[in-house]
Amino acid sequence: MAAVPDPAGVDAGRADAQGYAADWARAVRRLGFVPLSAAETERLLLVHTIRLAQAVRAEPFTASPAEEVGRALVEAHLTEPEALDWTLHALGAAFPRQVLGAGDRPPDLADRIASVQGGLAAGFARALRDRTFSQQERIARSAWQARDEVEQALRNSEARFRAVFTGAAIGIGIAGVDGRIIDVNQAFADMLGYSIEELRDTNVAALFHADDAAGMWELYQELTDGKQDTARVEKRYHRKDGSVVWTDLAVSLIRQDGRPRFTVAMIEDITQRYELQQRLRFQALHDPLTGLPNRTLFFETLGRVLDTAGAGQRVGVCFLDLDGFKAINDSLGHDLGDRLLVVIARRLAACVADRGHLVARMGGDEFVILVDGGDDIDDAVVVAEAALAAVAAPVHVGNHQLAVSASVGIVQCPVAETTASELMKAADTTLYWAKGAGRGRWAVYDPERSARDIARSALVAGLPAALDRGEFVLHYQPIVSLLEGSMLAVEALVRWEHPELGLIGPDRFIGLAEETGLIVQLGEWVLRRACHDAEQWRREFPEAKLVVSVNLAARQADDPAIVDTVADALHTTGLPAELLQLELTESAVMGSAGEPLRSLHRLAALGVRLAVDDFGTGYSNLAYLRRLPIHSLKLAGPFVEGIRADGSDVEADHRDERIVDALVRLAHALELWVTAEAVETGVQAERLRALRCDTGQGRYFGAPAPAEAITARLRGREVTQ
């Protein structure tokens, strides 16, 4: 009987291993005869538990201690098959959790446990073999003394080994280094659907699955060459009936005299676990509603295409979004909307099925088609048109027949010139171009347009900070009497002194300010600055009575606080109200009602002059105009530009002149002052004077200039620009 080691003096890990060793001792005593007392058995297995834990944690890792434990079990005569089966199973299931602390678990714990299992089994098998050989040698040396006793011992040893081999719940197979199967147990044969006799003398390569045969043979070759002692993989086998079984395979190399002699394979059927993993992966990579690949799988596929594409290969995407899908959800319900999405998804997948393109749902009512390859943008356009046609066909959902359309953004470029994020960003931008152009159409990515959009976005983002940093300035354009030639007023025009782009005109940022709502703050700044400059001119040139004209955006006119803002600006700067003119567009004035209309009357009551800018471009109700507190009209530039007298279009020239004449007469009939904009030539000025237009504004009378230039002009000097 093997001596029982004394576990005294072991490290603090004993406390964690005690329970595991107790469970192990109870199991081996329950499963078969043990030639030790219960206390001795538990003390022995505690030592082995601690040795296994130390081996798992050791750096560098080796399975040699596990082989020694397997040998020690045999030496202690703990050789019952069920006990070995329990031991190997517990190593994989309970050992890491019960014995190893959370901080003691190496990153490759699973691989180490597998190696420990294989090492223990290999050590166990070697010990049985070595003991058998040892017994045979002793029998040979003392055959003349105890031949019958030795033969009986040999038979007992072989019986114990056979009991372990045949009774194990996991499949065990032994093969030579040439790959020929020497023996398998019944569990191995049942797993593959063969009899034990059919598997004997079969080469292991014949059992490999066709899809991984090459890789498995390379792994097996490394084992038989002695380059590795153990290996563990998940692999497929073909059963005899043609079905596939997934297994967890652990293979150990058995050496004799240092030379590889046999391989021992232990396999466990994990088909159900593998199928569950595959279902979970499918769910993680596919949209649960439509069954299409989701955005995760799309980006994985796109990344693989970008990484593996050859030189000169092109890639494209068609980014599709349904038009008005929210209205369908809101009016008919989300359930019907979901059913509609399922129909659209099937159509999109079907329309590109013969081309092999990937169709994915990105979320909501957005879909994307990956166009892998193709010679030019026309290939992607063909795909987009097919997708639009598939979507446009009437859809019958329940009792409803729905007419659906979509917009598509198309991007295609050489693989070497893009990344996944850049490609999808461009596709998203192009999709919104298509939506902006109308429903049921596609748009192709244009780098120049995108650059303009990016620049526009940069301006939008910089507007608030620019106002805080004082980057806006005012230029003033003279408004001159056509009769006397004197400067009666100036129009305040805002400019942006951008730190990188230089001086930017209002045509590039006023619209952005209106979209973002910043026009109210900017307009208030322009108003206060213009009033301040006008008051400076009034104090220095009181006889000039120069009026400053400030544009008022529609959103400013709608602001209930506009009257208080204007009144405060006048009070703060000291500018008389009659020297301030507020210009509103014709559409803003004609649409005034409620609070804006009351604001116009209150502004007029302050003494502020009100003007209609760009008059003649809208559809004015003249009777309504007569009831508004308006003081002057500014004729739209196109009418004045038509009065050219350059011989290019005499008929059009006369027509524009008659229109201006009619507008001037109308304004005078309503007792309104008339200013003509965009006066560029002396001929235009003369004709407008003949038509009794009151004032003119344009480059002929002076381009917009800083306040200092207006001051110099009032002093009788022109500043050279």
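Where is the place of S407? In this predicted model, S407 lies in strand 11, which covers residues 406-414. The notes below start with that serine, then turn to the cysteines and to one pair of helices.

**Around S407**
- S407 has 0% relative accessibility and counts as buried, because the cut-off for that label is under 20%.
- The S407 side chain has a polar partner: a polar contact joins it to the side chain of D323 at 2.8 Å.

**Cysteines**
- C531 is buried, with a relative accessibility of 0%.
- C693 is buried too, at a relative accessible area of 5%.
- If you are setting up bonds, note that a search of the whole structure finds 0 disulfides.
- A disulfide is a covalent bond that links the sulfur atoms of two cysteines.

**Helix 19 and helix 28**
- Helix 19 spans residues 519-540 and helix 28 spans residues 707-714; their axes come within 11 Å and cross at roughly 20°.
- Angles under 35 degrees count as roughly parallel, so helix 19 and helix 28 are roughly parallel to each other.
- The crossing of helix 19 past helix 28 is right-handed.
- On the helix 19 side, the residues that meet helix 28 are D533, W537 and E540.
- Their counterparts in helix 28 are A707, I710, T711 and L714.

Note on methods: Residues are numbered from 1 along each chain as its sequence is written. This is a predicted model: local features need pLDDT of at least 70, side-chain atom pairs count only at pLDDT 80 or more; totals for chains, interfaces and linings use all residues. Side-chain values use heavy atoms; hydrogens and water are left out. Helices (H or I, at least four residues) and strands (E, at least two) are DSSP runs, numbered from the N terminus. Buried means under 20% relative accessible area, exposed over 50%, partly exposed in between (1.4 Å probe, protein chains only). A polar contact is a pair of N or O atoms within 3.5 Å; within protein, one must be able to donate a hydrogen and the other to accept it, and residues adjacent in sequence count only if both atoms are side-chain atoms. A disulfide is a pair of cysteine sulfur atoms within 2.5 Å. Axes are lines fitted to C-alpha atoms, for helices over the stretch in contact, and angles run from 0 to 180 degrees between N-to-C directions. Angles under 35 degrees count as roughly parallel, over 145 as roughly antiparallel, 65 to 115 as roughly perpendicular and the rest as oblique. A crossing is left-handed if the near helix is turned anticlockwise from the far one by less than a right angle, and right-handed if clockwise. Contact means heavy atoms within 4.5 Å.
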